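Visitor: Please take me through this model one feature at a time, and give me the cut-off behind each term as it comes up.

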Amino acid sequence: MSFDHEQIAGLIRKLASADQLLAQTYVNGSVFADEENRNAIDGLKKSGILRTADASGEYRLTYDIKRLIDRLLLRNQRYQQNINMAKMILSVEEGIDDYRRALGQNNQDEAQYHLEQIDDTLYEAIEALENSLSVMFAAITSQFGFVSSLNGKIRQNQRALAYAQQLVRELNQIRIDDCYEWLSWSAIPPELSRKIIRFIDQYKNIVERLTGIVGRMKELLFKLRLQEQTANRCRAMAQFLRQHPEWEPLDWSADAGIPELLRRSAGLRLQPGINTANPVLQADLATIVQELRRQAKPVAPLARDSATSPLDTRIPDQIKYAQDLYQSHIENLFALALEQQGRKVSALTYWGEHGLEIHAALWLDIVFAQYCCLPQRMRQAITLDMQGKNLQGYNGNQVIEEIQLQRVA
């Protein structure tokens, strides 16, 4: 089927004459026919630009027109593309064989047709890869900002990572050596060699960018999972506090027997400037002000030495890692409770066997607080049996003297 210039020009004029109507249909998703636009909609429907929808009198853009606008505006576009590199390579190889055969028979029109087919195939493959990478990179850069929840961001990241790995497998279908074989033709025309060389250069660039995108997605997925774990612990602690409003942590910050790692210092007191009301600073401030008033002219600033300083090539000292010893003991205690297969584990017994340098009451408080921060599936697998004396006059309150941990699942 062939088309002349007038048919193409007529289709473009029909699109231009209904620009506002088509824009409204694209933005709103559909348009309803009325007395004013009935004739325009009928003409666009006959031309294959609009199609009928489910509701009576409702029309939508056809798939080809909507896909064309999406690709031009990069709107509502997903990084998933149906890319079959093996099929593309086979199509290019068949096109090159047909191109060589047409040139051998001196059929220039047929050769030009096959050359255009090869150019379109290579361009569509590279364009699909470029669009996938650009949309994928935008989603990663915004940390999947089109979804609000952490679970949604993790799901989108996992889908993007799965598609990127699928894309890597598709790109493995292309072997650069086979692409260079296309250039081994001794009498290859320069227009074909330029197209193949441009495709090889763009392919190498896409592979390099895809490698970086996969690395960034793995790093972002790790961060999102850490944030999800922290959020789950905060929600679990908030839920427990709503169920037990009478619970309060022990005030052990002023206790002399706690280790330095667990000691809480006084909060910082920030000042936007010098506190002139401080009597300790008033004498020094008055001396500075009087000295400035005696000066006949301002003191010239000191000349800076512009000489370069030698480069320090010494290896920096390693910073000692401040390990949270008690966090490790808590993890070992929970792991021990899971290993006992239903037998109870005493927190005080563990405290005594390992000779911890904190008071028993503080250790029990830490165990209970860390248990509340566990994920829900872990709290369902371990149960706490808190033993102690009930406080007179306070319903549900007791002084905890022992905690027994037991696996229930």
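## Helix packing, burial and cysteines

Guide: Helix α6 passes helix α9 in a left-handed crossing (the near helix is turned anticlockwise from the far one by less than a right angle; clockwise would be right-handed). Residues are numbered from 1 along each chain as its sequence is written, and side-chain values use heavy atoms, with hydrogens and water left out. This is a predicted model, in which local features need pLDDT of at least 70 and side-chain atom pairs count only at pLDDT 80 or more, while totals for chains, interfaces and linings use all residues.

Visitor: Are α6 and α9 roughly parallel or roughly antiparallel?

Guide: The axes of α6 and α9 (residues 190-243) come within 10 Å and cross at roughly 20°, where axes are lines fitted to C-alpha atoms over the stretch in contact and angles run from 0 to 180 degrees between N-to-C directions. Angles under 35 degrees count as roughly parallel, over 145 as roughly antiparallel, 65 to 115 as roughly perpendicular and the rest as oblique. The angle therefore makes this pair roughly parallel.

Visitor: Which residues of α7 does α6 meet?

Guide: Helix α6 spans residues 108-141 and helix α7 spans residues 150-171 (helices are DSSP runs of H or I with at least four residues, strands are runs of E with at least two, and both are numbered from the N terminus). Their axes come within 12 Å and cross at roughly 155°, so the two helices are roughly antiparallel, in a crossing that is left-handed. Through contacts (heavy atoms within 4.5 Å), Leu129, Ser132, Leu133 and Met136 of α6 meet, in α7, Ala160, Tyr163, Ala164, Leu167 and Leu171.

Visitor: How is α11 oriented relative to α13?

Guide: Helix α11 (residues 325-339) and helix α13 (residues 360-372) pack with their axes 11 Å apart, at an angle of about 70°. Given that angle, the orientation of α11 to α13 is roughly perpendicular.

Visitor: Which residue's side chain makes a polar contact with the side chain of Glu58?

Guide: Glu58 lies in strand β3, which covers residues 58-61, and its relative accessibility of 10% is why Glu58 counts as buried (under 20% relative accessible area, with exposed over 50% and partly exposed in between, for a 1.4 Å probe and protein chains only). Beyond residues up to four places away in sequence, Glu58 touches several residues, among them Val31, Phe32 and Arg51. A polar contact is a pair of N or O atoms within 3.5 Å; within protein, one must be able to donate a hydrogen and the other to accept it, and residues adjacent in sequence count only if both atoms are side-chain atoms. At 2.8 Å, the side-chain partner of Glu58 is Ser30.

Visitor: To which residue's backbone nitrogen does the side chain of Asn37 reach?

Guide: Asn37 sits in the loop between β1 (31-32) and α3 (38-46), and is buried because its relative accessible area is 13%. Leaving aside neighbours within four places in sequence, Asn37 is in contact with Leu21, Val31 and Phe32. At 2.7 Å, the backbone nitrogen reached by the Asn37 side chain belongs to Asp34.

Visitor: How many disulfides does the count come to?

Guide: A disulfide is counted for a pair of cysteine sulfur atoms within 2.5 Å. The sulfur of Cys234 is 7.4 Å from the closest cysteine sulfur, that of Cys373, and therefore too far for a bond. Cys372 is in no disulfide either, as its nearest cysteine sulfur, also in Cys373, is 6.7 Å away. By this rule the count of disulfides is zero.
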